Amino acid sequence: MFPKQERRLLMKDIVAILPAREFDYNLQNKNLLPFLGTNLLMHKIEQLKKVKNLKQIIVASESETILSMAEQEGVSIFKRPKLNEKEDTLSNLVNTILPAIEASDILWTSCCTPFIDENLFSKTIDVYDNKIQEGYDSLITVLPFKRYVIDDNGAVNFRKGLAHRETSKLSQLYFWINGITIASKENMLKWSYLWGDIPYKFFLDKKESIEIKNLEDLKMAEIVENKEQKDV
C-alpha cells in the first residue's frame, strides 16, 4: 500500500501528553468536571497510569490547580503559557511542548473522552507499531458514520431528487475523536500538527467515542456508565 518504514521499538520510548487547560471557550473548567466520584482530569490520569507501555505521562496546562493535581498523582507536568484566542492553536501547542520532550513517539489524549481507557491505549499502541511498518504515518481514533450531511449551502454528501440514495449507499464518513492520536515526535514537529496525510483510522464504538463538550454530554456519559453498571 505505502512504502514500508523501519520498525521501531516505540513501546520503550512513547510519551503520553494530556493537555488540560483551565480556560475553555465553551465550558469553563471543563477538564475538572465531576465524573464517577472524581473529575475528568483525575479519571484520565488513572487510566493512563494503568498503561504499561508508556515511558512518561505529561499533563500540560496553564492552571496551577491542574498542575498541582497532576503532581500529586505522580505524573510529569508542563506549564503552558497563557495565550489569547488568536495564539491558542493546536499548532502552537505542538510546537511549544514537543521540543522539551525526549521521546521517539507521542500519544496525545484528552480528559473529555472518559471511555477511552487503558485497554484502548494499549491496543492502539500495538496497532500503531504495526501500521507504521505498512507506511501509515500516524494513528487517529474515529467514529465511522453514514448520515445525510448538510451545511448552509445545502446537501454535502448526497443529491436531492431522483439521485437521492439510501444511507447504506452513501460514502463512508468519519468523526475524528480526539481520544488517541499517535505519531512520531519528528513528524508532529514537521507537520506542526498531531497527524499526517496517511493516518490509520482506528474505529471506536459509540460509547468509546463520547466526547464531553458541554454539560449535556457529561450527563449522557454518566447515564451510559450508570446503566452499564446496573446491567452487570
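The buried residues of helix α4 (118-131) are E118, L120, F121, T124, I125, V127, Y128, D129 and K131, where buried stands for under 20% relative accessible area, exposed for over 50% and partly exposed for anything in between, with a 1.4 Å probe and protein chains only. This is a predicted model, in which local features need pLDDT of at least 70 and side-chain atom pairs count only at pLDDT 80 or more, while totals for chains, interfaces and linings use all residues. Residues are numbered from 1 along each chain as its sequence is written, and side-chain values use heavy atoms, with hydrogens and water left out. Helices (H or I, at least four residues) and strands (E, at least two) are DSSP runs numbered from the N terminus.

The cover over the buried residues of α4 includes β1, α1, β6, β7, β10 and β11, contact being defined as heavy atoms within 4.5 Å. With 14 residues, α4 reaches 20 Å from its first C-alpha to its last, close to the 20 Å expected at 1.5 Å a residue; the expected span is 1.5 Å times one less than the number of residues. At the start of this helix, a side-chain oxygen of D117 comes to within 3.1 Å of the backbone nitrogen of N119. Such a polar contact is a pair of N or O atoms within 3.5 Å; within protein, one atom must be able to donate a hydrogen and the other to accept it, and residues adjacent in sequence count only if both atoms are side-chain atoms.

The sheet is the next part to follow. Seven strands form an open sheet in the order β5-β4-β1-β6-β10-β7-β11, and the pairing is mixed; two strands pair if DSSP finds at least two bridges between them. Because β5 (76-79) and β11 (199-203) stand at the edges with a single partner strand each, one side of each is left without a neighbour in the sheet. On average, neighbouring strands of this sheet are turned by 30° against each other, direction ignored, with axes taken as lines fitted to C-alpha atoms (for helices over the stretch in contact) and angles running from 0 to 180 degrees between N-to-C directions.

Within this sheet, β1 (residues 14-19) and β4 (residues 56-61) pair in the parallel sense over five bridges, and the bridge partner of V15 in β4 is Q56. Helix α4 packs on the sheet, where it touches β1, β6 (105-108), β7 (138-145), β10 (173-184) and β11, and its direction makes about 75° with that of β10. Helix α2 (residues 64-72), for its part, lies across β4 and β5 and runs at about 165° to β5.

What surrounds strand β7? Seven of its eight residues are buried, so β7 is largely enclosed by the rest of the structure. Five bridges join β7 to β11 in a parallel arrangement, with I140 having K201 as its bridge partner in β11. Between β7 and β10 the pairing is antiparallel, over seven bridges, and here L139 has I182 as its partner in β10.

Strand β10 also holds F175, which counts as partly exposed because its relative accessibility is 42%. Leaving aside neighbours within four places in sequence, F175 is in contact with T141, V142, L143 and F145.

Helix α1 (40-49) is mostly covered, eight of its 10 residues being buried, and what covers those buried residues includes β1, β2 (34-35), β3 (38-39), β4, α2 and α4. N39 caps the N-terminal end of α1, with a side-chain oxygen 3.1 Å from the backbone nitrogen of L41.

In soluble globular proteins, nonpolar side chains tend to be buried together. Here the largest nonpolar core has 40 residues, and those with the most contacts inside it are L41, L54, V59, L107, I180 and I182; a nonpolar core is a set of buried Ala, Val, Leu, Ile, Met, Phe, Trp, Tyr and Cys residues joined through side-chain atoms within 4.5 Å. The elements giving two or more residues to this core are β1, α1, β4, α2, α4, β7, β10 and α6 (215-231), and α4 gives the most, with five residues. Apart from this core lies another, of 16 residues, among them I17, F78, I97 and A103.
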